[in-house]
Amino acid sequence: MRPDLSDPAARAAYKGELRGLARGWRLLGFLLILAGVGAQFYLRAQDGGQPWLWAASWAAIAAGWLIFIAVIVYRTRYHQARMAEDPDV
């Protein structure tokens with residue numbers, strides 16, 4: 001059912017619904033980015049390190065951002081599908 005965005009209470013409920021979508025995936029993306037950045041700081045403090053550790057830290061950062069982008073696309077498609085529903089049904 002299409003949400004009534006003219007009603008403040010319904011709008012707040014719909015915003016909460018959108019925020020709740022893919023919450024676990026967003027957390028995973030955020031943690032991957034933090035882990036990758038933390039690994040980079042650690043490797044820089046150690047004056048280098050194994051090349052595979054550098055690659056792994058960059059891969060974690062890239063994977064985190066890819067997850068964030070996928071969640072944005074998912075939420076946008078969900079919103080478009082909800083708004084396209086027939087309000088007279």
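Me: Which residues gather in a patch of positive charge on the surface?

Reply: Arg11, Lys15, Arg19 and Arg23 do. Patches are built from residues with over 30% relative accessible area and no salt bridge, joining like charges within 9 Å and nonpolar side chains (Val, Leu, Ile, Met, Phe, Trp, Tyr) within 5 Å. A salt bridge is a side-chain nitrogen of Lys or Arg within 4 Å of a carboxyl oxygen of Asp or Glu. Keep in mind that this is a predicted model, where local features need pLDDT of at least 70 and side-chain atom pairs count only at pLDDT 80 or more. Residues are numbered from 1 along each chain, and side-chain values use heavy atoms.

Me: Where does the largest share of the positive patch come from?

Reply: Helix 1 (residues 8-20) supplies 3 residues, the largest share. Helices here are DSSP runs (H or I, at least four residues), numbered from the N terminus. Arg19 lies in helix 1.

Me: Which residues form the nonpolar patch?

Reply: Leu27, Phe30, Leu31 and Leu34, with about 390 Å² of accessible area together (Shrake-Rupley method, 1.4 Å probe). Leu27 sits in helix 2 (residues 23-45).

Me: How many aromatic pairs are there?

Reply: A pair of aromatic rings is described by the distance of the centres and the angle of the planes. Rings of Phe, Tyr and Trp (its six-membered ring) pair if their centres lie within 6.5 Å; planes under 30 degrees apart are stacked, over 60 edge-to-face, the rest tilted. The count here is 1 aromatic pair. The ring centres of Trp65 and Phe68 are 5.6 Å apart with planes at 65 degrees, so this pair is edge-to-face.

Terms used
Lys and Arg count as positive and Asp and Glu as negative; His and the chain ends are not counted. The place of a charge is taken as NZ of Lys, CZ of Arg, CG of Asp or CD of Glu. Helices (H or I, at least four residues) and strands (E, at least two) are DSSP runs, numbered from the N terminus.
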